[in-house]
Amino acid sequence: DYPSVGQLAMQLEQNNIQPIFAVTENMKDVYMELTKMIPKSEVGVLSSDSKNVVQLIEGAYNKLSSKVTVTHDILPENVRVEYMPLCAHPKQEGPNKGVCDEVQVGHEVSVLSFSFNPSLILS
């Protein structure tokens, strides 16, 4: 048996591994969808002779190292957290993530604000 994408993503995240997928043009869309399920991953397209592999890895690394992501694991049923990134290039990558993209060296991401909305029903 092979691990599921979820299991793979969990192991990569737990071990702080940021995969870079170097793929051919015809596989780019498939791997772009995969990066939506695997946190801190990036896709680069190889040239036909693969001579751009070093530049591809450098570019993907720079993208990964310029992205700040805040997320959470399982929360109690009565707590809801929404992240609203406060930065120059905010991104929404899902309901449980706040992302600031293209953070340059020396630039500060001062706050990623979030709100707690407890939905307790008291009888």
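What follows is a short chat about a predicted model of one protein chain.

Me: What should I know about the model before I start?
Reply: The model is predicted: local features need pLDDT of at least 70, side-chain atom pairs count only at pLDDT 80 or more, and totals for chains, interfaces and linings use all residues. Residues are numbered from 1 along each chain as its sequence is written, and side-chain values use heavy atoms, with hydrogens and water left out.

Me: How many helices and strands in the protein chain?
Reply: Three helices and seven strands. Helices (H or I, at least four residues) and strands (E, at least two) are DSSP runs, numbered from the N terminus.

Me: And what pattern does the chain follow along the sequence?
Reply: The pattern reads α-β-α-β-α-β-β-β-β-β.

Me: What share of the residues counts as buried?
Reply: Of 123 residues, 24% count as buried. Buried means under 20% relative accessible area, exposed over 50%, and partly exposed in between (1.4 Å probe, protein chains only). The areas come from the Shrake-Rupley method with a 1.4 Å probe; for residues, only the protein chains shown count as cover.

Me: Switching to charges. How many salt bridges?
Reply: Two. The rule is a side-chain nitrogen of Lys or Arg within 4 Å of a carboxyl oxygen of Asp or Glu.

Me: Why would such side chains pair at all?
Reply: Opposite charges can pair when the charged atoms come close.

Me: Where do glutamate 33 and lysine 36 lie?
Reply: Both are in helix H2 (residues 28-37), three residues apart, about one turn of the helix. Glutamate 33 is partly exposed at 44% relative accessibility. Lysine 36 is exposed, at 57%.

Me: What does lysine 91 form a salt bridge with?
Reply: Aspartate 101, with the closest N and O atoms 3.5 Å apart. This pair links distant parts of the chain, ten residues apart. Lysine 91 is in strand S5 (residues 90-91), and aspartate 101 is in the loop between strand S6 (97-100) and strand S7 (111-116).

Me: Is aspartate 101 buried or exposed?
Reply: Buried, at 16% relative accessibility. Lysine 91 is partly exposed, at 34%.

Me: Where is the place of lysine 40?
Reply: In the loop between H2 and strand S2 (42-45). Lysine 40 is partly exposed at 36%. Glutamate 102 sits in the loop between S6 and S7, partly exposed at 43%.

Me: Cavities next. What volume does the largest cavity have?
Reply: About 40 Å³. The structure holds one cavity of 30 Å³ or more. On a 1 Å grid over the protein atoms alone, a cavity is a set of points where a 1.4 Å probe fits but cannot get out; lining residues have an atom within 4 Å of a point. Points are joined across faces, edges and corners, and the volume is the space filled by probe spheres set on them.

Me: Which residues line the largest cavity?
Reply: Pro39, Lys40, Lys67, Thr69, Glu93 and Lys97. That divides into one nonpolar, one polar and four charged. Pro is counted as nonpolar, Lys and Glu as charged.

Me: Last one. Which residues make the nonpolar surface patch?
Reply: Val53, Val54 and Ile57, over about 220 Å². Patch residues have over 30% relative accessible area and no salt bridge, with nonpolar side chains joined within 5 Å. Valine 53 is in helix H3 (residues 53-65) and partly exposed at 32%.

Notes: On a 1 Å grid over the protein atoms alone, a cavity is a set of points where a 1.4 Å probe fits but cannot get out, and a pocket is an open set with protein on both sides within 12 Å along at least five of seven lines; lining residues have an atom within 4 Å of a point. Patches are made of residues with over 30% relative accessible area and no salt bridge: like charges are joined within 9 Å, nonpolar side chains (Val, Leu, Ile, Met, Phe, Trp, Tyr) within 5 Å.
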